[in-house]
Amino acid sequence: MSRERRRRISTWITVHLVNPPMRLMLDRGIAPKTHALLETIGRKSGQARRTPVGNGLRGDNFWIVTEHGHRAAYVKNIKANPRVRVKVGRRWYEGTGHLLPDDDPRERMRMLGRPVNDALVRLVGTEQLTIRIDLDERLPGTG
């Protein structure tokens with residue numbers, strides 16, 4: 001199967017089957033702690049767009065390793081407007097997203113230590129890309 005076809009199938013499954021119930025649970029603060037909700041501003045619509053992602057909260061940063069790199073809609077949104085919000089549990093954090101094309105996504109996934117999430121990213125992903133979100137507010141115990 002070609003990389004493009006795999007990306008299209010994976011995106012359809014994620015957008016239509018996986019994300020809607022996960023987004024609902026994350027909105028209500030009842031999703032597993034392994035997940036978080038990323039909110040970007042749509043580059044065309046100007047509307048808030050919410051995407052479930054693996055929980056990458058580590059200190060004053062939130063880390064994302066994308067499945068489809070620069071082709072993911074939320075990556076395009078971050079390129080257009082790097083200001084984002086991330087909901088972890090029942091709390092929202094604001095920050096600025098930075099695409100890190102020189103970062104090693106596999107090493108980043110090892111550092112994050114999310115075996116199930118990261119295995120799925122590797123399995124269905126076509127181009128991994130690391131994103132670091134610098135959170136505006138310092139978290140307790142991070143200096």
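A residue counts as buried under 20% relative accessible area, as exposed over 50%, and as partly exposed in between. At 28%, Glu4 is therefore partly exposed. Keep these cut-offs in mind as you look around this predicted model.

**Salt bridges**

Arg71, at 44% relative accessibility, is partly exposed.

The structure holds 11 salt bridges. Here are some of them, with their N to O distances.

| Glu39 | Arg50 | 2.7 Å |

Glu39 in strand E1 and Arg50 in strand E2 are 11 residues apart. Glu39 is buried because its relative accessibility is 10%, whereas Arg50, at 31%, is partly exposed. Both take part in a network of salt bridges that also includes Asp27 and Arg85. In the remaining pair of the table, Asp134 is partly exposed at 24%, and so is Arg132 at 22%.

**Helix H3**

Which residues of helix H3 are buried? They are Pro105, Arg108, Met109 and Leu112, in a helix that spans residues 105-112. Viewed down the axis of H3, these buried residues fall within an arc of 100°, so they line one face of the helix. An α-helix has 3.6 residues a turn, so residues three or four places apart point the same way. Strands E3, E4 and E7 and helix H4 are among the elements covering the buried residues of H3.

The two ends of H3 are worth a look as well. At its start, a side-chain oxygen of Asp104 comes within 3.1 Å of the backbone nitrogen of Arg106. After the helix comes Gly113, with a positive phi near 60°.

**Loops and surface**

Is His68 buried or exposed? With 7% relative accessibility, His68 counts as buried. It is found in the loop between E4 and helix H2, and its contacts beyond four places in sequence include Arg7, Ser10 and Val124.

Pro82, in the loop between H2 and strand E5, is partly exposed at 31%. Beyond its sequence neighbours up to four places away, Pro82 touches Gly95, Thr96 and Gly97.

Finally, Met1, Ile9, Trp12, Ile13 and Val18 make up a nonpolar surface patch, with about 520 Å² of accessible area together. Met1 lies in the segment before helix H1 and is exposed, at 74%.

Note on methods
Residues numbered from 1 in each chain as written. Predicted model: local features only at pLDDT ≥ 70, side-chain atom pairs only at ≥ 80, totals over all residues. Heavy atoms only, no water. Buried < 20%, exposed > 50% of the residue type's maximum accessible area, 1.4 Å probe, protein only. Helix = DSSP H or I, 4+ residues; strand = E, 2+ residues; numbered from the N terminus. Arc of directions from axis to C-beta. Contact = heavy atoms within 4.5 Å. Polar contact = N/O pair within 3.5 Å; in protein donor to acceptor, adjacent residues only side chain to side chain. Patch = residues over 30% accessible without salt bridge, like charges linked within 9 Å, V, L, I, M, F, W, Y side chains within 5 Å. Areas by Shrake-Rupley, 256 points an atom, 1.4 Å probe, with all protein chains shown as cover. Salt bridge = Lys/Arg side-chain N within 4 Å of Asp/Glu carboxyl O.
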